[in-house]
Amino acid sequence: MTEALHTGYIGRDILRREDSYLLRGQGKFVDDLPEPRDTIYLGFVMSPYAHARIRSIDASRARALDGVIDVLTGEDLAELTDPIVTEIDFPGYIRHGRPVLALGKVRFVGEQVAVVLAEDRYIAQDAVDLVEVEYEPLPVAADLETAHLDGAPQVHDHIPNNTIFSARFETKGFDPAPAAATHSIRERFRSGRVAGVPLEPRGCLAMPDHTADAIVFYSSTQVPHILRTALGKHIKGASESKIRVIVPEVGGGFGTKAQIYTEEVVAAALALKLRRAVKWIQDRREELLTSIHARDHLYEVEAGFDGQGVIHMLRVRLHTNAGAYSSLPFGCTLEPTGGARMIVGPYRIRNYAYQAYAIATHTCPSGAYRGVAQPTCFLTIEGVMDRIGRQLGIDPAEVRLRNMIQPEEMPWVNAVGVRYDTGSYVASLKRAMEMIGYAGFRARQPADRLADGKYRGIGICSFTEISGTGAPGWRARGLIRMPGFDSALIKIEPTGKVTAYISHANAGQAHYTTFAQVVADAVGADIADVTIVEGDTGATPYGTNTFASRSAVTGGGAILRAGRKVREKMRRIAGQMLEAAADDIEIREGWAEVRGVPGMRVSLTQIAETAYSMNNLGLPPGEDYGLEASDFYDPPLATMANAVHICTVAVDPEDGRVKVENHVVVHDCGRVINPVIVDGQVQGGAAQGLGEALMEELVYDREGQLQNANLLDYLLPTALDMPDIRIEHIESPTIDGEGGFKGVGEGGLIGAVPAIANAVADALAPLGCNVNRIPLRPSYVLGLIRAATGR
């Protein structure tokens, strides 16, 4: 449901509160927190092999080093912890666990086999090098395309063909060869393996609480409540009620920090056992080796369409690389079910079937990185749209419009049962085409695409962005321990100031600003009087936390529901104070007044004083003291945002370099809370999308060795690589959820990847180059050009 809020902070460009301290260098990250004098520092011994038996571990030299407290192995930690198991209730999933330190066997380079406890972090690192581990190397399955074949080395003995998960789906009456489909396309699309690479690597500080047998656990996590539950579950004898998780400033998350990691369980378990503070900070090499990876997808797609370019059949076979273990909490079903379920996007595709697989390999476990499977599934379907256009001689934008869900067809339920309540698919595409001057570009574009010595092309991505997933959406993907809801507690203090405790955790999204805007409108307060508290399980109510473009949807929805209760109570109290009916009271910007009588009003401070019995006025009959309320919000199966990216590129035929020259975005995230912050989200996501499309790829060799676990070889985009991005918004407020909000956090990345790839494909189309994989590094692009031209 949409709701008319009263004071209008929502929709305004309120300056980010966070900037005032972050830009002054006053943010406190995990490694900035004060440490007790007796803090224990951890260093992890990591496997240099992708697959090997552990024959022996000799830590005598490390233990002899001055300042080393102890060295513990998997057997030691097994006495303190249980294996990490991702519980997935989905046919085709094979359950397996991961010990927090390897037991008997390692399954990827970087898997921890021992932990050093030392009085100094540098001593800990020196001691790590002194631990001698004898390994028996075993055969390796590191490649997605061969790991599931017969005879491939097994990652887990009980998982045949390394297929951790498989799923099939067909729409009712699926017809693989409908009569209307007089044309067809078969293609494969391949994506590289990437990582989130947050500016701040992971870290944690576990501190015993002097008041009880408990700990305060500081972590650079996006999911404090889920982390607390996981620590309580996986540490033997631990009570969740005696664990408090606090999130300091987070230097980038992007989903990388929305996972539960073994190092966190180890640190918390040791702090509980030893009753001393325990600290661990990751370095960049560790981050690239052991923080979750993502993508590495293979789509094999077949589309049947008619002479007008309208799709009548779509069939997809999808393989995703799960890595060595199913990561917690999202598991290995997230990417295959995500890609297969989202690929139909904003199109009227009714005759659809898929097979989806998660394949275990001897590589780092995969998890939820910004966009999850959406960049690759839209790389696929948008690539299909372009190929249909080229085959039929129809402009690719026109192909999209002919297949697109029309405004009068909304609400729409897609082929896999997901409801699109509102959207602006046609309007967004047409406006983006106007912004970039699409018709003019096509009119000027030479047939051979060569202009000023470079091949120039234009690419489109029109997509839907799943956001704000609630419990029904997580259950549809088998995740039974993912709550789905979020919550808010709003208190009007006796002074009339407002404090909102929200179950989310800020990781750069400007929650302290945007949530304050929603709270101020929800209760009728002045935004300057609103304080936001989040990222602390000891202060905030339980929730699912911050990932998957859900903060505005679930956090905003919970705020509105709790705020509605507080506002109604204030209206009743103000009504008695002003001798008016509660229904006649309007509250805005810190004042309650009688509708139509502007001078007849009381302040929120006066109402609060009455609520807390701090004056000689009584409460309305039956009213309780205090002025606070909490509520939970579990959104529908999915809240669907949408956007269109169009970009132009220049491809240098001499060296294969690609330059993005122009990039426009029309984004529809429903009701926009703060336009300038939304623009920042889109721009940041587009930068990551450019990196994924053109340069980023984690490269494993056949032995499972990561070849570029450093930032010299794992290339990231810089400001010099980025074009100016022009952004406009269309608002189609959701009618199925609270507040009209839709998600925005991932759309910048999702749309940029296919748009850039399609622009390069368009630029090279006259040469006959088949651009069907990313990243489009210069060497790869130059190879395509040379193969086509014979040079």
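This is a predicted model: local features need pLDDT of at least 70, side-chain atom pairs count only at pLDDT 80 or more; totals for chains, interfaces and linings use all residues.
Residues are numbered from 1 along each chain as its sequence is written, and side-chain values use heavy atoms, with hydrogens and water left out.

**Domains**

The domain assignment gives domain 1 (19-26 + 485-633), domain 2 (33-138 + 202-281) and domain 3 (293-472 + 636-789). Such bounds come from an automatic or database domain assignment. The C-alpha centres of domain 1 and domain 2 lie 39 Å apart. Their contact takes 18 residues from domain 1 and 18 residues from domain 2; contact means heavy atoms within 4.5 Å.

**Nonpolar cores**

A nonpolar core is a set of buried Ala, Val, Leu, Ile, Met, Phe, Trp, Tyr and Cys residues joined through side-chain atoms within 4.5 Å. The largest one has 166 residues. L42, F217, Y352, I646 and V651 have the most contacts inside it. Helix α19 (residues 747-764) gives the most to this core, with eleven residues. Helices (H or I, at least four residues) and strands (E, at least two) are DSSP runs, numbered from the N terminus. Domain 2 and domain 3 both give residues to the core, so it lies between them. A second, separate core has 44 residues, including V566, Y633, I673 and F741.

Leaving out residues up to four places away in sequence, L42 touches V115, V116, L117, A124, Q125, V266, A267, L270, V278, K279 and W280.

**A helix pair**

Helix α16 (residues 551-578) packs on helix α17 (residues 604-611) at about 95°, with the axes 10 Å apart. That makes α16 roughly perpendicular to α17, a term for angles of 65 to 115 degrees. Axes are lines fitted to C-alpha atoms, for helices over the stretch in contact, and angles run from 0 to 180 degrees between N-to-C directions. From α16, the contact uses M570, I573, A574 and M577. From α17 come L604, Q606, I607, T610 and A611. The contact residues divide into seven nonpolar, two polar and no charged. Here Ala, Val, Leu, Ile, Met, Phe, Trp, Tyr, Cys and Pro count as nonpolar, Asp, Glu, Lys and Arg as charged, and the others, Gly among them, as polar.

**A buried arginine**

R107 sits in the loop between β6 (105-106) and β7 (112-118). R107 is buried, with a relative accessible area of 15%. Beyond four places in sequence, R107 touches A50, V155, H156, A324, Y325, T361, H362 and T363.

**Backbone exceptions**

Most residues other than glycine have a negative phi, and most peptide bonds are trans.

| Site | Backbone value | Loop |
|---|---|---|
| L328 to P329 | cis, omega near 10° | P329: β18 (311-323) to α9 (334-342) |
| I774 to P775 | cis, omega near 5° | P775: α19 to α20 (778-789) |

Key: Angles under 35 degrees count as roughly parallel, over 145 as roughly antiparallel, 65 to 115 as roughly perpendicular and the rest as oblique. Buried means under 20% relative accessible area, exposed over 50%, partly exposed in between (1.4 Å probe, protein chains only).
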